[in-house]
Amino acid sequence: MTRKLPIIAIATAPGRAGVGVVRISGHNLKGITKALFQKELSPRQANLLTLRDADGQTIDQLVAIYFVAPASFTGEDVLELQCHGGPQLLELVMKRCLELGKNDGLVIAEPGEFTLRAYLNNKIDLAQAEAIADLIDAQSEAAVRGAARSLRGAFSESINDLIEEITQLRILVESTLDFPEEEIEFLENAQARTRLAAVKEKLESLRVGARQGKILRDGIQLVLAGAPNVGKSSLLNRLAGEEVAIVTAIAGTTRDRVKESITIEGVPMHIIDTAGLRETDDLVEAKGIERSWDAIRLADLVIFLTDPNSTEDGLKEQILRELPPKCPVLEVVNKSDLISLGPTAAPKQAILISAKNGDGVDALKQKILEIVGWNGPQEGAIVARRRHLDCLERASEHITRSEQFAANGNNSLELFAEELFLAQNHLGQITGKLLPDDLLGKIFSQFCIGK
Ligand SMILES: Nc1nc2c(ncn2[C@@H]2O[C@H](COP(=O)(O)OP(=O)(O)OP(=O)(O)O)[C@@H](O)[C@H]2O)c(=O)[nH]1
Ligand SMILES: [Mg+2]
């Protein structure tokens with residue numbers, strides 16, 4: 001993962017575009033630059049140059065910018081070639097660079113290798129590196145803003161502040177360890193417990209923010225399940241605002257899963273419409289129903305849809321058995337427009353909607369946001385990943401334990417200090433200060449090539 005050779009990749013997305021960027025990063029790119037353009041380039045200036053192939057034929061006229069280490073994205077020398085954005089053309093530019101950079105060891109970059117170098121050269125920390133990938137993958141405006149905030153270091157800063165507070169507390173505790181007779185007084189005098197309570201409070205608010213950030217980044221897997229003909233596909237179409245799934249009056253219309261992503265108040269919702277659940281001899285339908293169950297097993301939230309005429313036959317209990325742990329089920333009764341007997345005809349707690357005319361759908365959206373724990377757009381929101389949540393959770397467990405040792409007073413100071421140290425370790429993993437060996441490879445391998 002930490003090779004020293006110069007690397008090259010197309011930095012822009014595949015496909016045709018006005019401009020396509022090829023980027024090279026390495027310890028010293030003067031040799032490669034000279035081989036490409038027969039001269040050295042002044043740093044940070046746009047140079048209009050011609051790149052030629054081995055026969056002297058023009059490949060492209062392009063703008064080249066040379067960034068000298070450490071003032072570049074990677075912290076190494078970077079040569080950025082802004083070419084015309086044709087896929088074949090960019091391949092030719094890459095090929096020519098690799099030919100001429102051969103003596104300098106130029107190789108094609110691995111996914112995320114530019115960002116990895118930026119991280120290793122202390123240009124950004126790990127949470128910021130992840131924010132770059134999240135910014136590129138952001139699925140809503142709110143996610144873009146959250147990722148940009150994380151990239152600017154807002155998340156890392158709060159983590160570092162917390163680490164610093166724990167460090168101060170540890171210094172106090174550990175400096176008292178040598179004087180065991182003063183343990184009890186120490187806790188009082190140093191206001192250790194008050195300070196610990198403050199740490200806990202901050203950690204808790206970081207966890208709340210990170211949970212929201214994870215929803216912003218990953219969105220919610222929302223599965224529409226229920227008996228045939230209750231209106232699952234109609235609800236999908238209503239939520240999507242277009243006819244993505246086929247709707248007919250025939251039970252068993254949907255066979256395969258139909259997926260559509262929407263955003264509700266900036267929260268990405270990946271909605272999966274499934275085949276209606278029932279016993280069937282039809283082989284194709286049975287396969288579709290198997291897939292419905294697969295979707296239910298991976299859901300963050302299941303909407304269990306019924307209509308006033310459908311019979312449930314223990315379907316809800318069956319769904320409850322298959323759900324992943326902690327996955328909520330929201331019961332929704334559809335076809336409210338057909339309920340002529342008044343509201344008493346529908347179960348009291350259930351949400352009533354009409355996929356046909358849209359009644360109750362806005363309330364349903366609000367209910368969905370409430371159930372997944374979305375607190376609404378927050379000032380200073382960041383994006384976060386499962387990894388961050390896990391680290392915060394571990395840190396929180398150790399802080400809770402340290403609290404118990406602090407409360408015990410006598411002879412517990414060493415354990416108190418140890419728990420603080422462990423909490424700090426987990427927080428440090430978020431920004432990459434303290435990382436298990438295998439984690440870097442895992443994180444950066446998920447990046448796209450050229451980043
Ligand atoms: N009156 C009324 N009819 C509805 C409503 N929603 C759906 N329908 C009708 O109910 C029938 C079935 O709708 P679908 O959306 O295909 O139902 P489904 O749950 O996807 O059915 P399967 O794919 O077979 O499992 C269609 O004739 C729809 O027009 C509603 O809110 N009111
Ligand atoms: Mg359907």
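This is a predicted model: local features need pLDDT of at least 70, side-chain atom pairs count only at pLDDT 80 or more; totals for chains, interfaces and linings use all residues.
Student: What does the secondary structure of the chain come to?

Tutor: The chain has 15 helices and 12 strands.

Student: What makes the chain more spread out than a compact globule?

Tutor: The globule rule gives 22 Å for 451 residues, and the radius of gyration of the chain is 29 Å, well over that value, so the chain counts as more spread out than a compact globule. Along its principal axes, the C-alpha trace spans about 85 × 80 × 35 Å.

Student: How many of the contacts join residues at least 24 apart in sequence?

Tutor: The share is 66%, taken among contacts between residues at least 6 apart.

Student: Why is C83 called buried?

Tutor: Buried means under 20% relative accessible area. C83 has 3%, so C83 is buried. C97, at 0%, therefore counts as buried by that cut-off too. Across the chain, buried residues make up 48% of the 451 residues.

Student: How do you know that C83 and C97 are too far apart for a bond?

Tutor: A disulfide needs two cysteine sulfur atoms within 2.5 Å. The closest cysteine sulfur to that of C83 is in C97, 7.7 Å away, so the pair is too far apart for a bond. Seen from C97, the closest cysteine sulfur is the one in C83. The count for the model comes to zero disulfides.

Student: What part of the accessible surface belongs to carbon and sulfur atoms?

Tutor: Carbon and sulfur atoms hold 50% of about 22600 Å².

Student: How far apart are the mean positions of the positive and negative charges?

Tutor: The mean positions of the 51 positive and 64 negative charges lie 5 Å apart.

Conventions: Residues are numbered from 1 along each chain as its sequence is written. Chains are lettered from A and ligands numbered from 1 in the order in which they are written. Side-chain values use heavy atoms; hydrogens and water are left out. Helices (H or I, at least four residues) and strands (E, at least two) are DSSP runs, numbered from the N terminus. The radius of gyration is taken over C-alpha atoms; the globule rule is 2.2 Å times the number of residues to the power 0.38. Buried means under 20% relative accessible area, exposed over 50%, partly exposed in between (1.4 Å probe, protein chains only). Contact means heavy atoms within 4.5 Å. Accessible areas come from the Shrake-Rupley method with a 1.4 Å probe; for residues, only the protein chains shown count as cover. Lys and Arg count as positive and Asp and Glu as negative; His and the chain ends are not counted. The place of a charge is taken as NZ of Lys, CZ of Arg, CG of Asp or CD of Glu.
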